[in-house]
Amino acid sequence: MTIRELPFRERPMTIRELPFRERPVRELLNLDGRRAEPDHAYAGYGWARVDEIWLGEHAVRDALVLGLHTADDAEPLGNDVELEFELPNRGPVSVLASTFLAKWLPELPKASAIVLALCNPHRAPLHVVTPVPLYYAHGDVESWLDEGDGGERIRLAAQYGWIRRDA
Amino acid sequence: MISKTKLLASALILALTTAGVGCSNEPDRVERWATTENTNVKIDWNKVNQAYRDASGPQDLEKRINEIYEGDELISIAVADQDDKTQVVTGFFDKNKNGSVDEGEKIFTIKREPTGSGEAHVQTVGYGPYAGYASPFWSITSGMLMGAMISNMFMPRYVPMTYVTSNARLSDLGSHRSSYRASNPARFGKASKSGRSYGGHVTKPSKPGFGRSSGFGRSSGGGRFGLARRGRTVRPERLTA
């Protein structure tokens, strides 16, 4: 039996085969509904281009936002974060963030900044080479939709702050 | 003699400290809400810490802190830098309006200490009615998105800062806060005397999160970008290619 003949859930998978797709930013960040608090069971992932996104009280313009997840029980890795992806019809898989970004970033649209919506519980410094500034968080990350007199804004809140790594 | 209220407050803080909430796996995470010994006016310490992280300078910080505080008093701040870039911000009720931190006026300190090249840590500690609160140390590095009040410490030409809220400034702060509260009726909808909670926080918040905006009208939660997986025995397959 060849690999192609194996049932999907048993076939080896490559990082580029992950269903990491473009999604409307509100869908990507789970902002379609109204919730008093962020949904801690949300496991969606993908990417979106946005004109503006707020990281705490700082606006980042023309950004490529990558929605990703790490598991609470992910081991500390020093300079990396273990990503986890839930997949249809098979168990979850993990990928190191550095490996994932090396494989996927060249395939994604260019923007003036890259923002990782990703919890980083061990506050790992990400030494990833990117052509534009990379923003990532320390601690947990939540998405929020703020509404005021001046309109709406999409905001990512980080438990211990945001890091900007310049290109 | 320790009052019952103080014992209760201490027990509450201890319980909240050990319980942990939601998504964090930080063993030392401290509940952000604390109640005073003699009053029910709460301070959201997470927001105070965030205010320090975002402030552009001392005047911006005192404005943010007075927006956070829900009691009648105005909070003054005193900022004192040391040569090694250690900074101590003291929040106090300037009861005698003399512009200095006198006995019984101090309510918190925020201390920033360098820990290495391009790194520092910060801790907030409560005093007086807020005694018993101490935040975990939180780290800052030179690449972080922060307001100028913190980030300036990483500039080569950093000039040590000294500041205290003046009597004239207290008047401005009072006017600003009145306007702020008037524009946030959902949170400040009911007049209050010192010692009582305001309308928006009579009941305990459903689940205090670190991400709720303090300055925007209304916020809806989206998602969290971590997965609850504690206790599992089988690790997911790791893709490498």
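## The sheet that spans both chains

Strand β1 (residues 46-55) of chain A runs antiparallel to strand β2 (residues 58-67) of chain A, and 9 bridges join them. In β2(A), A:Ala59 stands opposite A:Trp54. Strands here are DSSP runs (E, at least two residues) and helices are runs of H or I (at least four residues), both numbered from the N terminus. Two strands count as paired if DSSP finds at least two bridges between them.

The model is predicted: local features need pLDDT of at least 70, side-chain atom pairs count only at pLDDT 80 or more, and totals for chains, interfaces and linings use all residues. Residues are numbered from 1 along each chain as its sequence is written, chains are lettered from A and ligands numbered from 1 in the order in which they are written, and side-chain values use heavy atoms, with hydrogens and water left out.

β1(A) and β2(A) belong to an open sheet of 8 strands with mixed pairing, in the order β10(A)-β7(A)-β6(A)-β2(A)-β1(A)-β9(A)-β8(A)-β9(B). Axes are lines fitted to C-alpha atoms, for helices over the stretch in contact; angles run from 0 to 180 degrees between N-to-C directions.

## The sheet of chain B

Chain B has an open sheet of 6 strands, ordered β7-β6-β5-β4-β3-β8, with antiparallel pairing. β7 and β8 (162-164) of chain B stand at the edges with a single partner strand each, so one side of each is left without a neighbour in the sheet. The twist averages 20° from one strand to the next.

Strand β5 (residues 106-116) of chain B and strand β6 (residues 119-126) of chain B run antiparallel, joined by 8 bridges. B:Gly116 has B:Glu119 of β6(B) opposite. Helix α3 (residues 58-68) of chain B packs on the sheet and touches β3 (76-81), β4 (87-92), β5 and β8 of chain B. The direction of α3(B) makes about 145° with that of β3(B).

## Contact between the chains

How many residues does each chain bring to the contact? Chain A brings 70 residues and chain B brings 47 residues, with contact meaning heavy atoms within 4.5 Å. The two chains bury about 5,200 Å² between them, 49% of it on carbon and sulfur atoms. Buried area is the accessible area (1.4 Å probe) lost when two parts are put together, summed over both. B:Leu145, B:Phe225 and B:Leu239 supply 17% of the area that chain B buries against chain A, more than any other three residues.

The interface holds 10 salt bridges, each a side-chain nitrogen of Lys or Arg within 4 Å of a carboxyl oxygen of Asp or Glu. One of them links B:Arg235 and A:Glu82 (2.9 Å, N to O). On the side of chain B that touches chain A, β9(B) gives the most, with 7 residues. Strand β3 (residues 70-71) of chain A also pairs with β10(B), in the parallel sense over 2 bridges. There, A:Ala71 has B:Leu227 as its bridge partner.

## Positive phi

Most residues other than glycine have a negative phi. A:Arg123 has a positive phi, near 55°, and lies in the loop between β6 (113-117) and β7 (134-137) of chain A. B:Lys97 also has a positive phi, near 50°. B:Lys97 sits in the loop between β4 and β5 of chain B.
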